[in-house]
Amino acid sequence: MSDKKILVSGVKPTGRPHIGNYFGAMKQFVDLQDSYESRIFVANLHALTSIQNASELKEMSQGVVEDYLGIGLDPSKTTLYLQSDVPHVAELAWIFNCLVTMPTLMRAHAFKDAEAKNKEINVGIFDYPILMAADILVHDADVVPVGKDQEQHIEMAREIARKFNGTYGETFKEPKALIIDSVATVPGTDGQKMSKSYNNTIPLFASDEEIEKAIMGIVTDSGQDIPKNVYEIHKLIRSEDDLQKLYRDKKGQYKELKGILIEDLKNFIQPMVKRREEKSGEAQSVITEGGKKMREVVHNKMKEVREKVGLIHHE
Ligand code: AMP
């Protein structure tokens, strides 16, 4: 398609994206869309492991496409598509399933965490790293911008590429995770990793009231000169030089500092909310086009894979 390197990533439609998703991964999608050939998907097959309600999944998936448009992804530069519109990835995941061993998957942090918490683990959750490897490898992706929590999954994708190549001959490129240290794990309002499942998020497309509620709810420890949890979120949107002076001047004045953070966040979020509203009407045609384009792009790769593993390919 072009000489540019290929960038692939996605977001699960399992809840509203938060500023941890944005700074950890989604912002890079926008910042890099001119320099890479970018393919960004809505991970709706992954979401099936936790959402088993059709209308909810459809609505959330459409929502993520609108989010992508809202943050400034430009469909003329970045192909946006639904994971399920490229069914080749499910086929490739099956082929990888037959190569990868159970102990390899049992090493995955996400699986180990779920097991430690005694959660009911469906096979989809266990198999998550395999589907993710298929999502990436089918594109011969060069880079995958993600947060730190996905680092191990990218390492597994590299391992799977090596295993396939070792078994069937050189076929897949080993992708690199693109993780920015300063935002590798964005903390939530309680200081733990910001996560859709911890009730500690600041939604990326929050209303003014939601911003106020989330920031006023930030956990602070009265013994600190600088309220660490407020500062850590503030530094995502303001320079550290600026903030060090501000937090020195307002030492111990938590409420005032939270008020400033609220105003800064509103100024940061409002333009994205506005763009999301303006662009939402385009979402449907954008994903229809994107899916069509991606099916054509991966068709040849899958033809090569089927031949290599011995599945006879009929056009
Ligand atoms: P998900 O919604 O789980 O598909 O996450 C989308 C992207 O956001 C992935 O690349 C995650 O690694 C990233 N991400 C999720 N939570 C955080 C966080 N607290 N800090 C940095 N990146 C994150």
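This is a predicted model: local features need pLDDT of at least 70, side-chain atom pairs count only at pLDDT 80 or more; totals for chains, interfaces and linings use all residues.
Residues are numbered from 1 along each chain as its sequence is written, and side-chain values use heavy atoms, with hydrogens and water left out.

Me: How many residues surround the ligand?
Reply: A residue is near a molecule if one of its heavy atoms lies within 4 Å of it. The closest are Gly147, Asp149, Val186, Met194 and Lys196. The number of residues around the ligand is 18.

Me: Which helix gives the most residues to the shell around the ligand?
Reply: Helices are DSSP runs of H or I with at least four residues, strands are runs of E with at least two, and both are numbered from the N terminus. The greatest contribution to the shell is four residues, and it comes from helix H1 (residues 19-31).

Me: How do the residues of the shell divide into nonpolar, polar and charged?
Reply: Ala, Val, Leu, Ile, Met, Phe, Trp, Tyr, Cys and Pro count as nonpolar, Asp, Glu, Lys and Arg as charged, and the others, Gly among them, as polar. Under that scheme the shell around the ligand holds seven nonpolar, seven polar and four charged residues.

Me: What distance separates an oxygen atom of the ligand from an N or O atom in the side chain of lysine 196?
Reply: A polar contact is a pair of N or O atoms within 3.5 Å; within protein, one must be able to donate a hydrogen and the other to accept it, and residues adjacent in sequence count only if both atoms are side-chain atoms. A nitrogen atom of the ligand lies 3.3 Å from a backbone N or O atom of glycine 20, and a nitrogen atom of the ligand is 2.8 Å from a polar backbone atom of valine 186. For the side chain of lysine 196 and the ligand oxygen, the distance is 2.6 Å.

Me: Why is the pair of phenylalanine 111 and phenylalanine 126 edge-to-face?
Reply: Rings of Phe, Tyr and Trp (its six-membered ring) pair if their centres lie within 6.5 Å; planes under 30 degrees apart count as stacked, over 60 as edge-to-face and the rest as tilted. By this rule there are eleven aromatic pairs. The ring centres of phenylalanine 111 and phenylalanine 126 are 4.9 Å apart, and the pair is edge-to-face because the planes stand at 70°.

Me: Which helices hold phenylalanine 111 and phenylalanine 126?
Reply: Buried means under 20% relative accessible area, exposed over 50% and partly exposed in between (1.4 Å probe, protein chains only). Phenylalanine 111 is buried at 10%, and phenylalanine 126 is buried at 14%. The pair ties together parts that are 15 residues apart in sequence, because phenylalanine 111 lies in helix H6 (residues 109-116) and phenylalanine 126 in helix H7 (residues 123-137).

Me: What is the angle between the planes of phenylalanine 164 and tyrosine 168?
Reply: Both residues lie in helix H8 (residues 151-168), four residues apart, about one turn of the helix. Phenylalanine 164 is buried at 0% relative accessible area, whereas tyrosine 168 is partly exposed at 32%. Their aromatic pair is tilted, with 4.8 Å from centre to centre and an angle of 45°.

Me: How far apart in space are valine 305 and phenylalanine 164?
Reply: Valine 305 belongs to helix H13 (residues 283-309) and is buried at 0% relative accessibility. In sequence, valine 305 and phenylalanine 164 are 141 residues apart, but C-alpha to C-alpha the distance is 9.8 Å.

Me: Which residue has a side chain in polar contact with that of threonine 79?
Reply: Threonine 79 is in strand S3 (residues 78-82) and is buried at 5% relative accessibility. The contact between the side chains is 3.2 Å, and the partner is lysine 293.

Me: What is the phi of asparagine 118?
Reply: Most residues other than glycine have a negative phi. Asparagine 118 lies in the loop between H6 and H7 and is exposed, at 71% relative accessible area. Its phi is positive although it is not a glycine, at about 60°.
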